[in-house]
Amino acid sequence: TFTTPSPTTSIHRSNVYPLTVSYSSVSSIVMLLFYILPVVSRRVCQSFTCDTFGGNEHFLKVDYSIRCSTDAYPSAAYDAMLVYASTMMLIYPIGGPLVVLLLLRNHRSRLNPVTDQP
């Protein structure tokens, strides 16, 4: 339940603003995101490819213990990996840069102020 403070109760700044994030920490998070983005993106994309052994044996490239689904051999583990990899593709390699784009766009006027000089 929400109670309004009485006039005698003091409100501390930490209670009003429980989470404050400095611009340097946001900058560090964005830099970290872009440093690890290629590695994670490559790993997620590899989750969709299979290697063939012996002409008819298909195994997931990132985990050879998972057999790829074929018409003759449906694999629940491979299908689950495809769902997981697709979800991770939306969250990280696509969602991460999209969030950064929106953050930069919201702060565009502070990052690139308009000047009156030609």
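## Cysteines and the disulfide

Cys45 is partly exposed, at 40% relative accessibility (buried means under 20% relative accessible area, exposed over 50%, partly exposed in between, with a 1.4 Å probe and protein chains only). The model is predicted: local features need pLDDT of at least 70, side-chain atom pairs count only at pLDDT 80 or more, and totals for chains, interfaces and linings use all residues. Residues are numbered from 1 along each chain as its sequence is written, and side-chain values use heavy atoms, with hydrogens and water left out.

One disulfide is found in a search of the whole structure (a pair of cysteine sulfur atoms within 2.5 Å). Cys50 and Cys68 form this disulfide, with their sulfur atoms 1.8 Å apart. The S-S torsion of Cys50 and Cys68 is about -105°, so the disulfide is left-handed. Because Cys50 lies in strand β1 and Cys68 in the loop between β3 (63-67) and α3 (76-106), the pair ties together parts that are 18 residues apart in sequence. Helices (H or I, at least four residues) and strands (E, at least two) are DSSP runs, numbered from the N terminus. Cys50 is partly exposed at 29% relative accessibility, whereas Cys68 is buried at 4%.

Ser47 sits in the loop between α2 (23-46) and β1 (50-53). Its relative accessibility is 9%, so Ser47 counts as buried. The side chain of Ser47 reaches the backbone oxygen of Arg43 at 3.2 Å. Leaving out residues up to four places away in sequence, Ser47 touches Leu60, Val62, Met81, Leu82 and Ala85 (contact means heavy atoms within 4.5 Å).

Lys61 belongs to the loop between β2 (57-60) and β3. Lys61 is partly exposed, with a relative accessible area of 40%. Between Lys61 and Ser47 there are 6.8 Å in space, C-alpha to C-alpha, and the two are 14 residues apart in sequence. With residues up to four places away in sequence not counted, Lys61 touches Gln46, Thr49, Cys50 and Asp51; of these, Cys50 is a partner in the disulfide with Cys68.

## Nonpolar surface patch

Met31, Leu32, Tyr35 and Ile36 make a nonpolar surface patch of about 420 Å². Patches are made of residues with over 30% relative accessible area and no salt bridge; like charges are joined within 9 Å, and nonpolar side chains (Val, Leu, Ile, Met, Phe, Trp, Tyr) within 5 Å. A salt bridge is a side-chain nitrogen of Lys or Arg within 4 Å of a carboxyl oxygen of Asp or Glu. Ile36 is placed in helix α2 and is partly exposed, with a relative accessible area of 38%.

Technical notes:
A polar contact is a pair of N or O atoms within 3.5 Å; within protein, one must be able to donate a hydrogen and the other to accept it, and residues adjacent in sequence count only if both atoms are side-chain atoms. Accessible areas come from the Shrake-Rupley method with a 1.4 Å probe; for residues, only the protein chains shown count as cover.
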